[in-house]
Amino acid sequence: MSPVCYRGGELCAEEVPLARVAESVETPLYCYSSAAMAESYRRLAAALGGLPATLCYALKANSNLAVIRTFARLGAGADVVSEGELRRALAAGVAPAKIVLSGVGKGAREMALALEAGILQVNVESEPELEALAALARGRGRRAPVALRVNPDVDPQTHAKITTGRRENKFGVALEAAEAVLVRAASLPGIEVQGVAVHIGSQLVSLDPFRRAFARIAGLVRRLRAAGLAIRRLDLGGGLGIRYRDEQPPTPEAYAALVAETVGGLGCELIFEPGRLLVGNAGVLLTRVLYVKRTASHRFVIVDAGMNDLIRPALYDAWHEIVPVREPAPGAGLAPAEVVGPVCETGDTFARARALPEVAAGDLLAIRSAGAYGAVMASAYNSRPLVPEVLVRGADFAVVRPRPALAAMLAEDRLPPWLVES
Ligand code: LLP
């Protein structure tokens, strides 16, 4: 049984009915299942078990400290892309030796902190960044462990906004330029070349793009070695997709087999940076129906969550399953509904013409598969407080990020002297 499912007619996260969570924490709220996270982590770790692999959880998918620590306790490292994420990983107890710093534009402070913390490696994405890191490390009498992120120019066949491995994307160094950059890197006293990194995009639902990218990387590694460069580590990024609707993403086992087939023979240590796969289906956005508005042509189900709480539908036209928390009676009729939030934009729409049973004001709905890229991308647009987060484990649940008080939000702003009444 999936950890987030109906039990006795009530949608539950593990043993906790979501209606109980909504009673104690006002909606909208995110709720995550520890068991679901552990299940996906363990399955991927087991699949990759035959390989010399380190799993560095991509914090960008969900960087709540409780979530990071859940993965850290399972043995995960961390893939971070900012000083904030690096500080979160360290605060959650991730060993520095299992932290990778990625990102296309790392600042001096971020790189300095990474060096001081003694992280596993910095994935460098351009020659100027390499030079900056080298100077920084040298100034500190250190050598920065570096992998060069390569852009293999492979179409990951996913949404354009989350495609990263094509020539026209800003990420990485072109395959053809990689050798020269690595030769330069190896000559810099502040740099210690570890290997090569690649990440071609997110929510990949076919193995083919991975196959093409990894094969190109394997070819590159052979050429680099022939040129005398020591390449001991490969970072293969994240990107494995999940099922939102009817996608059939590759299984972790099939992915692992592909990795073994394409790069397994190189004798490199391997790093993986999964994000969505580990948390996506472990979380729901819980929301309450405020009103049902019927027009001549449409049924609008107006809920208390908005695009500021979950922006994926507005930004990527993403499809998220929406289900009533109280299980509909078998054979309950379905009719099309527009599920919309209260934000003053037409883009504040979670679903169009969605087949839903009758719902009424006060009913709870769960927007599923919202554990990844949900809370982390939330904003306070329309001066709506940042959505709170709850973590379930077994029969227990805890608020792992409370909703900020409006008074505290207002107090963040400052009036300049000329606007303060005398
Ligand atoms: N490594 C790097 C270098 C990345 O850029 C990413 C994601 C990951 C790992 C993790 O990828 P995952 O395993 O989660 O696919 N906000 C978008 C997704 C953006 C992904 C950005 N990079 C969404 O909601 O779909």
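## Salt bridge R232–E269

In this predicted model, R232 and E269 pair through their side chains in a salt bridge, with an N to O distance of 2.9 Å. R232 sits in the loop between helix 8 (208-226) and strand 12 (233-235), while E269 belongs to strand 13 (residues 269-272), so the bridge ties together parts that are 37 residues apart in sequence.

Both partners fall in the intermediate range of accessibility. R232 has a relative accessible area of 41% and is partly exposed. E269 is partly exposed as well, at 30%.

## Other salt bridges

The structure holds 18 salt bridges. One of them joins K60 and D79, whose closest N and O atoms are 3.5 Å apart. This pair links distant parts of the chain: K60 is in the loop between strand 5 (53-58) and helix 3, D79 is in strand 6, and 19 residues separate them. K60 counts as partly exposed because its relative accessibility is 32%, whereas D79, at 1%, counts as buried.

K106 and E129 form another salt bridge, at 3.2 Å from N to O. Here too distant parts of the chain are linked, with K106 in the loop between strand 7 and helix 5 and E129 in helix 6 (residues 127-139), 23 residues apart. Both K106 and E129 are buried. As a general point, side chains of opposite charge can pair when their charged atoms come close.

Helix 4 spans residues 83-92, and its buried residues are E83, E85, L86, A89 and A92. Within the buried set of helix 4, E85, L86, A89 and A92 accompany E83.

The cover over these buried residues includes helix 3 (65-73) and strand 6 (77-80), along with strand 7 (99-101) and helix 5 (108-117). Strand 6 is also the element that holds D79, the partner of K60. Just after helix 4, G93 has a positive phi of about 95 degrees.

## Backbone exceptions

Most residues other than glycine have a negative phi, and most peptide bonds are trans. Several places in this model depart from that pattern. The peptide bond between T27 and P28 is cis, with omega at about -5 degrees. P28 is located in the loop between helix 1 (18-24) and strand 4 (29-33).

E14 is a residue other than glycine with a positive phi, near 50 degrees. Its position is in the loop between strand 2 (10-13) and strand 3 (16-17). E14 is buried, because its relative accessible area is 8%. A353 likewise has a positive phi without being glycine, in this case near 45 degrees. A353 is part of strand 18 (residues 349-356). With a relative accessibility of 53%, A353 counts as exposed. The positive phi values of E14 and A353 thus occur in a buried residue and an exposed residue, respectively.

Technical notes:
Residues are numbered from 1 along each chain as its sequence is written. This is a predicted model: local features need pLDDT of at least 70, side-chain atom pairs count only at pLDDT 80 or more; totals for chains, interfaces and linings use all residues. Side-chain values use heavy atoms; hydrogens and water are left out. Buried means under 20% relative accessible area, exposed over 50%, partly exposed in between (1.4 Å probe, protein chains only). Helices (H or I, at least four residues) and strands (E, at least two) are DSSP runs, numbered from the N terminus. Contact means heavy atoms within 4.5 Å. A salt bridge is a side-chain nitrogen of Lys or Arg within 4 Å of a carboxyl oxygen of Asp or Glu.
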